[in-house]
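Please keep the sequence and the 3D view at hand while reading.

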Amino acid sequence: MSTERELAALATTAPETIAPAVLLETGLADGYLAYAGPAGPMFVSFNARGISSLTLGTDPEAFEEKFVELFGRPAVPVKALPKRLGRALEKTLETGRIGSLPIDWDGMSEFQQAVLRKTAEILPGEVRPYSWIAREIGKPKAVRAVGTALARNPIPIVVPCHRVVRNDGNLGNYYYGTDVKRAVLESEGLDVDTLEDLSTRGVRLTGSDTTHIFCNPTCRDARRTTDRHLVEFRSEAEARAAGYRPCKHCRPAAA
Amino acid sequence: MTTDTLAPVNHDLAADLDRAFPGWMRGMQNGIYSGVRRLVPSAADAEDITQETFIRAYRALSGYSPDRIRELNLPGWTWTIAVNLCRNAARTRSRRPRTVELDRDVFHRQDGPERHALTAEENAAWEARLSRLSPAQRTAVVLRHVVGLPYKDIAEATGRAEGTVKTDVHRGLAKLQETLL
């Protein structure tokens, strides 16, 4: 064989790891990996800004396909999360609070960001109605839009959209089904049966007859009230008429 | 591979760098890796350098105006980055030689049927043959005959005159013919 042909035969294929590494380093792709979460196996994606998505599932190809569709850039598999991010995510999943976990808010509308940031303030073990989010972000009439923004939450569990329920206290919809929503809420210590009982009986707010303060029924202050002193209300008007004022922690009504 | 046939790629990169870059890289990476692999002794170094070449290419391109990207001789320009990285790697190696060298070629056998990964012995033999060439000759021979780059692009990548590159290729080949496998 001539030397030229010998040299030409040295042309080879680049290792498959090069392109993903470059895309990751230049921010043209997010990294992702399988992760065991409180609601079962999931995929977590991230980039230089923080966690970008969380998806329940076990099929990497289906995940990659959905990711490109949603974000317009690919996700490439990595062996581990960057150390600091990994520690922060672990802590968030353990405590149910975002804490110092960096989140990639880019690509979300201002409205969706406001909804999701507000949602992240709801503590584990508690829930709030859609109308509460709408009022808290200063858009009291946008209840339906709040529902849409939550349905499109790219980082469920971490941004706890499962802690937002229908205005009548019914658990309401969840991307992964109501059963998953119920299971996650119960794992956070919420008594879902009691919540649903209040809902069917038309109770929206609860108060304490010693403090004359009314709360969202799952507010940590409301839960401290003993049964003997617990008062149930069907509406804000009813509570106010009885001489009660809204709780400053859970803000069940405009002050 | 001429700049004329690659012109549409220039336009795509100029129009939307982020969208066009991954496809452009996938089209370039086998050529860059194949060449770099014969300019540095180990597959691990070749992988690192190929990766770094594209990272630097992306960062540079994101600072260029669309007009500048449209006028770039992309293969020559990209090889300028790769050749520099290979040269720097050689300098680093001579200061701090590696004692253990893993041959990672063996892990990358997703090649087509006509492209067989070389054995460790074959790789070592090529390294020995190519290391008899001067750095300029080695670069010129590898870019011309392993990568298939036109003389014009090699001249651009190495900052040498086209005539000098031709001489380098010619003399390099003659030296290689003295050492048969």
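This is a predicted model: local features need pLDDT of at least 70, side-chain atom pairs count only at pLDDT 80 or more; totals for chains, interfaces and linings use all residues.

Residues are numbered from 1 along each chain as its sequence is written, and chains are lettered from A and ligands numbered from 1 in the order in which they are written.

## Chain A as a whole

Chain A contains 10 helices and 10 strands; helices (H or I, at least four residues) and strands (E, at least two) are DSSP runs, numbered from the N terminus. The radius of gyration of chain A is 23 Å, well over the 18 Å that the globule rule gives for 255 residues, so chain A is more spread out than a compact globule. That radius is taken over C-alpha atoms, and the globule rule is 2.2 Å times the number of residues to the power 0.38. Along the principal axes, the C-alpha atoms of chain A fill a box of roughly 100 × 30 × 30 Å.

An automatic or database domain assignment divides chain A into domain 1 (18–95), domain 2 (110–197) and domain 3 (203–246). The C-alpha centres of domain 1 and domain 3 of chain A are 43 Å apart.

Of the 255 residues of chain A, 38% count as buried. A residue is buried if 20 or more other C-beta atoms lie within 10 Å of its own, exposed if 12 or fewer, and partly exposed in between, with C-beta atoms placed from the backbone.

## The contact with chain B

On the side of chain A, 19 residues are in contact with 27 residues of chain B; contact requires C-beta atoms, placed from the backbone, to lie within 7 Å. Both α1 (3–8) and α2 (18–26) of chain A supply at least two residues of this side, and α2(A) gives the most, with 7 residues. By class, the side of chain A that touches chain B has 12 nonpolar, 4 polar and 3 charged residues. Here Ala, Val, Leu, Ile, Met, Phe, Trp, Tyr, Cys and Pro count as nonpolar, Asp, Glu, Lys and Arg as charged, and the others, Gly among them, as polar.

## A helix pair

Helix α5 (residues 110–119) and helix α7 (residues 143–151) of chain A pack at an angle of about 80°, with their axes 9 Å apart. That makes α5(A) roughly perpendicular to α7(A), a term for angles of 65 to 115 degrees. Phe111(A), Gln112(A), Val115(A), Leu116(A) and Thr119(A) of α5(A) meet Ala145(A), Val146(A), Ala149(A) and Leu150(A) of α7(A). This contact has 7 nonpolar, 2 polar and no charged residues.

## Single residues

| Residue | C-beta neighbours inside 10 Å | Class |
|---|---|---|
| Leu205(A) | 25 neighbours | buried |
| His212(A) | 13 neighbours | partly exposed |

Leu205(A) belongs to strand β7 (residues 205–208) of chain A.

Most residues other than glycine have a negative phi. His212(A), in the loop between β7 and β8 (213–215) of chain A, has a positive phi of about 60°. Arg251(A), in the segment after β10 (245–246) of chain A, has a positive phi near 40°.

Technical notes: Two residues are in contact if their C-beta atoms, placed from the backbone, lie within 7 Å. Axes are lines fitted to C-alpha atoms, for helices over the stretch in contact, and angles run from 0 to 180 degrees between N-to-C directions. Angles under 35 degrees count as roughly parallel, over 145 as roughly antiparallel, 65 to 115 as roughly perpendicular and the rest as oblique.
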